[in-house]
Amino acid sequence: MEELFQIIGLDGSYDEKLEPKLAEKELLKLYLYMVLTRVLDTKAVALQRQGRIGFYVPSQGEEAVQIGSSYALKPKDWMVPAYREQGAALLKGFPIETLIAQLYGNREDILKGHQMPNHFGNRAINFVTPSSPVGTQLPIAVGIAWAAKLRGDKTVVLVYFGDGATSQGDFHAAMNFAGVFKVPVVFLCKNNQWAISLPFSQQTRSKSVAIKAQAYGFDGIRVDGNDVLSIYTACKKAVKAARTGKGPTLIEAVTYRMGPHSTSDDPKRYRTEEEVEEWRERDPILRFQLYLKSKGIWDEEVEANVRQKVGRLVDKAVKKAEEAGEPPAETIFDDVYEEIPWNLAEQREELFKLIGRS
Ligand SMILES: Cc1ncc(C[n+]2csc(CCOP(=O)(O)OP(=O)(O)O)c2C)c(N)n1
């Protein structure tokens, strides 16, 4: 197996030479967003179980990859997610109310309930809607990056995908094109060890995901995905390379999906509790907490403050989403065609008659 880039060890000890120079305030911000991601996750799963939202894709265990990578971007950069990147979205500036409104498909949802839950997008912050068909986001991301290059924009595109997506043709097409045209893209593979019920050992005969970059002529690096500082450092370097015309990088973040694939999945049917327990010891939030503690930045009081702040934020957004009500029925005809075709216009008329609107 290839080397693993790591800055913070399991016990919170760290490599001073590799440690990024981040101010205390910045470190605490990263910590807060990791906790926020976990708290939102737990809440959303509970809401789904209570039948208040329809579907959710949890990301428990993958907080470090999301927060470390998102922090390496500039506001104008593009984020092209798979579907397990809620934390990355929040740190990029996705308002939590907007994200939760999308889970409800309510009146405040900017997508007007047109997308399935968990498929939130936001044009205002260059955050593309998630791609449920596995791997389709990869050529799209390369296209956005190529367009940026042709226009002479200094924009970078960060695309997320799972280990499962590396077996799709789209992965090959995207990697090859990005290499040939040297587009400003960062490929971030969240290798969380499972593609629903398929373990990584059956996904490829390659030694790793990172090694695949060699075949396309650019750098690949295997990073400890449960260490937020390692991810941030690797992404920062890749983003800089992309922005300065050096082309793409493939980052393999070695992590673990602690929860089910989605709220429709039961992982007990295909993996052991012992395996999950083993990874629990590598929990990214706990690891970062130990690091912050060793630097004198974290204590119980800090924790209580963070928890209180984050809890309030999530509860307030959920309350607001529940009070918003449904989108007006006629919005079902919006945003698909620039000019509505005659048959849909007829249906809309019929609906207006039915609901008493002109
Ligand atoms: C083209 C396609 N094939 C199969 C599926 C069903 N499916 C949804 S998610 C998934 C697993 C993807 O695993 P991975 O890429 O490792 O991402 P992860 O879910 O682990 O984050 C599969 C097979 C799909 N959505 N699209």
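Me: What does R282 count as at 28% relative accessibility?
Reply: R282 counts as partly exposed at that 28%. Here buried means under 20% relative accessible area, exposed means over 50%, and partly exposed is in between (1.4 Å probe, protein chains only).

Me: Which side chain does R282 meet in a salt bridge?
Reply: R282 meets the side chain of E278, at 4.0 Å from N to O. E278 is partly exposed too, with a relative accessible area of 46%. A salt bridge is a side-chain nitrogen of Lys or Arg within 4 Å of a carboxyl oxygen of Asp or Glu. There is also a network, in which salt bridges that share partners join R38, E63 and D283.

Me: What kind of model am I looking at?
Reply: This is a predicted model, where local features need pLDDT of at least 70, side-chain atom pairs count only at pLDDT 80 or more, and totals for chains, interfaces and linings use all residues. Residues are numbered from 1 along each chain as its sequence is written, and side-chain values use heavy atoms, with hydrogens and water left out.

Me: How many salt bridges does a search of the whole structure find?
Reply: The search finds 17. One of them is D315 with K43, at 3.7 Å from N to O. That pair links distant parts of the chain, with D315 in helix α11 and K43 in helix α1, 272 residues apart. Helices (H or I, at least four residues) and strands (E, at least two) are DSSP runs, numbered from the N terminus. D315 is partly exposed at 44% relative accessibility, and K43 is partly exposed at 28%.

Me: And R287, which residue does its side chain meet in a salt bridge?
Reply: R287 meets D224, at 3.1 Å from N to O. R287 lies in helix α10 (residues 284-294) and D224 in strand β6, so the pair ties together parts that are 63 residues apart in sequence. R287 counts as buried at 2% relative accessibility, and D224 counts as buried at 6%.

Me: New topic, the sheet! What is the order of its five strands?
Reply: The order is β1-β2-β3-β7-β6, in an open sheet with parallel pairing. Two strands pair if DSSP finds at least two bridges between them.

Me: Which strands stand at the edges?
Reply: Those are β1 (78-80) and β6 (219-224). Each has a single partner strand, so one side of each is left without a neighbour in the sheet.

Me: How many bridges join β3 to β7?
Reply: Six bridges join β3 (residues 185-191) to β7 (residues 249-254), and the two run parallel. As one example, L188 has I251 as its bridge partner in β7.

Me: What about phi at K112?
Reply: K112 has a positive phi of about 55°, although it is not a glycine. Most residues other than glycine have a negative phi. K112 sits in the loop between α4 (96-104) and α5 (137-151) and is partly exposed at 26% relative accessibility. D335 also isn't a glycine, and its phi is positive at about 70°. The loop between α11 (300-324) and α12 (342-355) holds D335, which is exposed, with a relative accessible area of 56%.

Me: Last one: where does Q203 lie, and is it buried or exposed?
Reply: Q203 lies in the loop between β5 (198-199) and α7 (213-216). At 13% relative accessibility, Q203 counts as buried. Leaving out residues up to four places away in sequence, Q203 touches D163, G164, T166, S167, A195 and L198; contact means heavy atoms within 4.5 Å.
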